[in-house]
Amino acid sequence: MAEQHERLSLEHILHEFEDCADLTRRNFPEIGADIVYFSHTVDNLLLINQVLDPLSALQRKKELEQLLRESQFVRVTDSKTAVTGILEGGVAVFAADTVHLIDVYGPEARSVSESETESIIAGPHDAFVESATTNISLIRRRIRSSHLKVIHCSVGEISKTDVYILYIKDIANLAYVQDLQQRIERIETDAINDGGMLSQYLEDKQTSVFPQFLTTERPDVSSSKLVSGKILVLIDNSPTSISAPASFFEFFSSSDDYYERWVLGTALRLVRYVALIITLTFTALYVAVTTFHYEMIPEALLLTLAESRNRVPFPPVYEALLMEFTIELLREAGARLPTKVGQTIGIVGGIVIGQAAVQAGLTSNILIISVASSAIASFVIPNYLMSASLRVIRFGIIILAGIWGNMGLVIAIAVIVIHLCSLSSLGASYLVPVAPMRGRDWKDVFIRAPFSLLLTRPTQNRTPNPIRQKNRK
Amino acid sequence: MVNKIAGMLMLVLLLTGCSTDQRILDKLGMVQTIALDQADGDKLLVTASIPVIDPNAELKREILQAETNSVKEARLVFSRQTDLRMVSGQMRELLFGIDLAEKGLWKYVETQLRDPSVGFSVKLTVVDGKAGELLAAEHKPHADTGRYITHLLEKEAAGNNIPATTLYEFSRDYNDDGIDVIAPIVADGGSKVRVTGIALFAGDRVVMRVPVKEGLIFALCRGNLKRGEAAINLGDTIGKPEVVVFSSVTSKRKVKVHRMQDGRFKVDLYVSLQGSVLDYTGERTLREEKDRHELEKELSLSIEDKAEQLIRQMQQKKTDALGFGQYVRGRLSYKAWKAMDWRETFPEVEVDCRAKVKIKDYGKYM
């Protein structure tokens, strides 16, 4: 507060930005004007057209006063506004005893390119970049409606990062919008660097392993979420957008389900749910069966399984944990390395470790198959955060299966289901449309019905306008 | 909250101490087949066959033998002979020597039924001779005789001629009123194991054997067949050798019970059989409709004859393996049924068999 009352002057601003070597100051002696800005946050072309050229053309102070009366120059009176203005990409013009700000924001940004983490085969390939304004433009380009509203907030006591809440008036539920806005405004932390990080601050239960908001870097997914009545949050300097509210099953749908024929879309969805079951339980089932329930093994498989276990010196739990851990090591190493080296890691891991571990008698063949298929199944799940969460949970299930067999497996699944039931996303149930039961939504959750049947928006969004498409007959 | 989590962790750690019920696959001796024989005195000769897991081992199975008073006691004796933990959860086959089968099997079957790790689909087979010897004998190229017998019977049961009897079926038929147990009989045929017929029980004792060549007639009378193959020999009926081989046989049986004036029961057994002729060695031309109908009639007569003969034998031995009693029971009140001793009444029943054969098609090329 004290700062606001301080006299606004060039000296004061320079004092404020003391030791900021990247600050640019230019002097126009003919008209007695000074300009101060950060050259890397301004758009050079704009700077030349809007500020440098007009100012150099001036000969007398009178003309300067006239120029500053134009609407792009905003008069500021307190130093705090001036400082923020300069930080946000403005140029401060000090003339005589007045100070004006002109916004020529335009920092360097990566150009729009393909998404690395969420690539699809058919459909648009563009992905969000690190500039929120570019990201909003990608959305606006897809939704040309004045009803698309953008609320601006900022988070981070130090970083002051821009956050934009996007929603479509008359389709999104305003109660959700308000709730989300309040949650964003309540955040008190020094800096937030990414959408994934922001989403954790906004979640209903931050301690849960499951992501409670859907994060994506695909503008086509984001705009379809907006149109279905969800709210989108974009944060500057991050390509990750958050859409809310989200349900558990949303993480298993991918945008190309809608771009391909409905039969294929449905089949792929079912494949992903099967992948969910495989990734959670397959290795655990192997452990349970080989440790406790030898009765369950079919006759034809019995000898093969027993033979492959024959030389393994550890109990099945340790064997399974060892291999699962190795796969995680490989995955993490592959993710950290450049693509070309990453391939080498894949070969080393796949062939050398897989084959050699079996030959050395450290693990059984069938375990390798089960661990590998669980790992592959986890990569089938389109959302990276969800698939990572499931991979972590798997370890718990394997340990429980090693302690109590199938009983442990069932306990683990029960605990997961109970936990999922307790979750909510922006106050809406996380398990919609299963609990509470919303039969109408099933045709767009477990299968992807033909568009002629997808007439309504998802009930979870509590949209005031649930009809998506009139029934054509 | 912290206390709760600590409590849970303690529970998890402490309960791992209780996991002595671990049965790690490669440390188990999984009994595949048990053969039971009568030994000297009242003792049992128990033979167990355990598959050897090591792929490099020369022998693919291990045979353990013990003379004990009970099957479960034998398990204890066995575990003193092997480095593996003996379990019975992968048992597929129970073989009973004929001596034992003629004295009664229920107590041995019951012990298995009461063991929760033994499945209901364990097969139960009577061995003509010593079961233990059959199991211990080698039948090349089959490395594991127990497994060989199991698969042999499975295949036979799929072809409809010889029924495979499971533990479940045995106990169901044994405990049910108005039907008797049956089981396949196998015998050592030198280098091969042969299926030689069907054992019919009265209670839990084998009293009669149906030879393999009558297996089809027995199967037709006992239930409905699907997708079977059948060879009917007309030689006995018409005096000269003539064989009709059917494929894709479907048959239905129907039982009707009447009460005759003198209070005895009369059972009408209707058997209808349909199939396509695969082979025919007689002189008729199947192309002619008249000839075909005549052949159908002859076949029907032959089936009727053989069936009635078979049932007469069963009546003499007092075994109602076809389950006529169940239909009689359906005609009576509970009291009247309970008051009657069906085993004694069954021989008095008059049985009339009517067969109807239909040739669906003929001349099929394989």
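This report describes a predicted model with chains A and B, starting with chain A and ending with local backbone features.

## Chain A as a whole

Chain A contains 17 helices and 12 strands. Its radius of gyration is 29 Å, well over the 23 Å that the globule rule gives for 473 residues, so chain A is more spread out than a compact globule. Along the principal axes, the C-alpha atoms of chain A fill a box of roughly 100 × 60 × 40 Å.

Of the 473 residues in chain A, 36% are buried. Among contacts in chain A with a separation of 6 or more, 66% are between residues 24 or more positions apart.

The chain is divided into domain 1 (2–103), domain 2 (132–246) and domain 3 (259–425). Between the C-alpha centres of domain 1 of chain A and domain 2 of chain A there are 33 Å.

Helix α3 of chain A covers residues 44–57 and has a kink of about 25 degrees at A:Val51, shortly before the proline A:Pro54. A:Val51 is also buried, as are A:Leu47 and A:Leu55 in this helix.

A:Val93 counts as buried because it has 23 C-beta neighbours inside 10 Å, where 20 or more are needed. Not counting residues up to four places away in sequence, A:Val93 touches A:Ala33, A:Ile35, A:Leu68, A:Phe73, A:His100 and A:Ile102. A:Ser224 is 131 residues from A:Val93 in sequence, and the C-alpha atoms of the two are 43 Å apart.

## Domains of chain B

Chain B is divided into domain 1 (23–218) and domain 2 (223–366). The C-alpha centres of these two domains of chain B lie 31 Å apart. Where they meet, 17 residues of domain 1 of chain B are in contact with 22 residues of domain 2 of chain B.

On the domain 1 side of this contact, β10 (192–202), β11 (205–211) and α8 (215–222) of chain B each supply at least two residues. The residues of that side divide into 11 nonpolar, 3 polar and 3 charged.

## Contact between the chains

How many residues of chain B are in contact with chain A? There are 21, and they are in contact with 16 residues of chain A. On the chain B side, α1 (2–15) and β1 (28–30) each supply at least two residues. That side consists of 10 nonpolar, 6 polar and 5 charged residues.

## Nonpolar cores

The largest nonpolar core has 92 residues, and B:Leu36, B:Phe96 and B:Ala199 have the most contacts inside it. Helix α10 of chain B (residues 289–317) gives the largest share of this core, 7 residues. Leaving aside neighbours within four places in sequence, B:Phe96 is in contact with B:Leu36, B:Ala101, B:Leu105, B:Val126, B:Val127 and B:Ala131.

A second, separate core has 69 residues, among them A:Val163, A:Tyr167, A:Ile235 and A:Leu400.

## Strand β12 of chain A and the segment after it

A:Ala428 is in strand β12 of chain A, which covers residues 428–429. With 19 other C-beta atoms within 10 Å, A:Ala428 is partly exposed. Leaving out residues up to four places away in sequence, A:Ala428 touches A:Pro245 and A:Gln460. A:Gln460 is 32 residues from A:Ala428 in sequence and 6.6 Å from it in space, C-alpha to C-alpha.

The segment after β12 of chain A includes A:Pro433 and A:Pro436. The peptide bond from A:Val432 to A:Pro433 is cis, with omega near 10 degrees. Another cis peptide bond joins A:Ala435 and A:Pro436, with omega about 0 degrees.

## Positive phi angles

Most residues other than glycine have a negative phi. A:Lys160, not a glycine, has a positive phi of about 50 degrees. A:Lys160 sits in the loop between β6 (148–155) and β7 (161–168) of chain A, and its 13 C-beta neighbours inside 10 Å make it partly exposed.

In chain B, B:Lys318 has a positive phi near 60 degrees. B:Lys318 is in the loop between α10 and α11 (324–331) of chain B. It counts as partly exposed, with 17 C-beta neighbours inside 10 Å.

How values were computed:
Residues are numbered from 1 along each chain as its sequence is written. Chains are lettered from A and ligands numbered from 1 in the order in which they are written. This is a predicted model: local features need pLDDT of at least 70, side-chain atom pairs count only at pLDDT 80 or more; totals for chains, interfaces and linings use all residues. Domain bounds come from an automatic or database domain assignment. Two residues are in contact if their C-beta atoms, placed from the backbone, lie within 7 Å. Helices (H or I, at least four residues) and strands (E, at least two) are DSSP runs, numbered from the N terminus. Ala, Val, Leu, Ile, Met, Phe, Trp, Tyr, Cys and Pro count as nonpolar, Asp, Glu, Lys and Arg as charged, and the others, Gly among them, as polar. The bend at a residue is the angle between axes fitted to the seven residues ending there and the seven starting there. A residue is buried if 20 or more other C-beta atoms lie within 10 Å of its own, exposed if 12 or fewer, and partly exposed in between; C-beta atoms are placed from the backbone. A nonpolar core is a set of buried Ala, Val, Leu, Ile, Met, Phe, Trp, Tyr and Cys residues joined through C-beta atoms within 7 Å. The radius of gyration is taken over C-alpha atoms; the globule rule is 2.2 Å times the number of residues to the power 0.38.
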